[in-house]
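Visitor: I would like to go through this structure with you and ask, at each step, what a given term rests on.
Guide: Gladly; here it is.

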Amino acid sequence: MASMEKVQSIIGAILADYESDRDIDRVESFHRPDKDVVIDIIEKLQRIVFPGYFRDKNYRMYSAKNNLSVLIEDTMINLTKQLTRVYQSTGEDAKTAQEKAEEVCMAFFAQIPQVRELVQTDLQAAYDGDPAATGMAEIIFAYPGLFAITVYRLAHILYTLKVPMLPRIMTEHAHSITGIDIHPGATIGKFFFIDHGTGIVIGETSVIGNNVKIYQGVTLGGLSTRGGQSLRGKRRHPTIEDNVTIYANAAILGGDTVIGADSVIGASAFITASIPPSTTVSLKNQELQMKSHN
């Protein structure tokens, strides 16, 4: 074990490094959201969306509605606290931040029924689109795509309510668990199915229509990020119209790129220009080379 003098010297050097007034040097945390609490809110929202699947272990069936009422109220309180912190971190005074947080929280929860309606269509799309699915419960419990989409749909409400930071914390939590990266700013229609899902990226300004199916490794991205912050607020990501299927590892890039309705994009396709409706895009078969080991 190092001497106490050396330990104290190192500690002193690290503490002194915090005095540099950089972004990473901030030590006060009161006016910033608590990521662990936000993750807990996500778990509670999941119970609210799927009340019969993710109940608290202490719930009793005979008082399910009472328990759900308590759960919803508790989640509203915790979300309001985190929203207050977010608004204070942007410079709002405590009173204004609190009032704004309460208003946004009410607006968010008022849209929960619409979210649940959309999630039901996503669940149905997963069941209809995957012959390996044995039932709805299996999809709800086990499919990473449905989890990522559900978190996105909840975060998207906060994004449309212009809440800073929290929506991205939510979708990045889902990303860390599933490998599916959906920016909360994306616009996604009904009956959206992500099959397998690992490695999918859906950028902020992507627009996805109804009945779209996407496989693992697909990127809906920007052509370039060299412009950095100068690109903020501009369309950078593609539009995918209704009834499109995009197979594994395809990359579709650019804000002017539109994939027409009823099209099929083959695996590993790289697309930077619009595709007309009812079009199948595929790579020309590459020659396979086989050598005998005998």
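Visitor: Which residues does Leu283 touch, not counting residues up to four places away in sequence?
Guide: In this predicted model, Leu283 touches Ala267, Ser268 and Ala269 once residues up to four places away are set aside. Leu283 and Ser268 are 15 residues apart in sequence, and their C-alpha atoms are 7.6 Å apart in space. The place of Leu283 is in the segment after β14, which covers 280–281.

Visitor: Why is Leu283 called partly exposed?
Guide: Its relative accessible area is 46%, and the class in question lies between the limits of 20% and 50%, so Leu283 counts as partly exposed.

Visitor: What makes Ala261 count as buried?
Guide: Buried requires a relative accessible area under 20%, and Ala261 has 18%, so the residue counts as buried. Ala261 lies in the loop between β11 (258–259) and β12 (264–265), and, leaving aside neighbours within four places in sequence, Ala261 is in contact with Glu241, Asp242, Val244, Pro277 and Ser278. Leu45, by contrast, is 216 residues from Ala261 in sequence and 33 Å from it in space, C-alpha to C-alpha.

Visitor: What is said of phi for Asp262?
Guide: Phi of Asp262 is near 65 degrees, a positive value in a residue other than glycine. Most residues other than glycine have a negative phi. Asp262 also has its place in the loop between β11 and β12, and with a relative accessible area of 44% Asp262 is partly exposed. Phe191 likewise has a positive phi, near 55 degrees, in a residue other than glycine; Phe191 is found in the loop between β2 (187–188) and β3 (193–195) and, at 28% relative accessibility, counts as partly exposed.

Visitor: How do you know that Thr171 is buried?
Guide: The relative accessibility of Thr171 is 3%, and the limit for buried is under 20%, so the term applies to Thr171. Thr171 lies in helix α8, residues 166–178, and touches Val151, Tyr152, Ala155, Ile182 and Pro184, not counting residues up to four places away in sequence.

Visitor: In what order do the five strands of the open sheet stand?
Guide: The order is β1-β4-β7-β10-β13, and the pairing is parallel. β1 (181–182) and β13 (270–271) stand at the edges, and each has a single partner strand, so one side of each is left without a neighbour in the sheet.

Visitor: What makes β4 and β7 a pair of strands?
Guide: Two strands pair if there are at least two bridges between them, and two bridges join β4 (residues 201–202) to β7 (residues 219–221), with the strands running parallel; the pair therefore meets the requirement. Within this pairing, Ile202 stands opposite Leu220 in β7.

Visitor: Why is the pair of Phe50 and Tyr53 called edge-to-face?
Guide: A search of the whole structure finds four aromatic pairs. In this one the ring centres are 6.5 Å apart and the planes stand at 90 degrees; since pairing asks for centres within 6.5 Å and edge-to-face for an angle over 60 degrees, the pair is edge-to-face. Phe50 is buried, with a relative accessible area of 8%, whereas Tyr53 counts as partly exposed at 35% relative accessibility. Phe108 and Phe109 also form an edge-to-face pair, 5.2 Å from centre to centre and with 85 degrees between the planes. Phe108 is buried at a relative accessible area of 0%, and Phe109 is buried at 11%.

Visitor: Which residues form one aromatic cluster?
Guide: Phe50, Tyr53 and Phe141 form one aromatic cluster.

Visitor: What is the secondary structure of the chain, taken as a whole?
Guide: The secondary structure comes to eight helices and 14 strands. Buried residues make up 43% of the 294 residues in the chain, and the C-alpha trace spans about 65 × 60 × 50 Å along its principal axes. Among contacts with a separation of 6 or more, 46% are accounted for by residues 24 or more positions apart.

Technical notes
Residues are numbered from 1 along each chain as its sequence is written. This is a predicted model: local features need pLDDT of at least 70, side-chain atom pairs count only at pLDDT 80 or more; totals for chains, interfaces and linings use all residues. Side-chain values use heavy atoms; hydrogens and water are left out. Helices (H or I, at least four residues) and strands (E, at least two) are DSSP runs, numbered from the N terminus. Rings of Phe, Tyr and Trp (its six-membered ring) pair if their centres lie within 6.5 Å; planes under 30 degrees apart count as stacked, over 60 as edge-to-face and the rest as tilted. Buried means under 20% relative accessible area, exposed over 50%, partly exposed in between (1.4 Å probe, protein chains only). Contact means heavy atoms within 4.5 Å.
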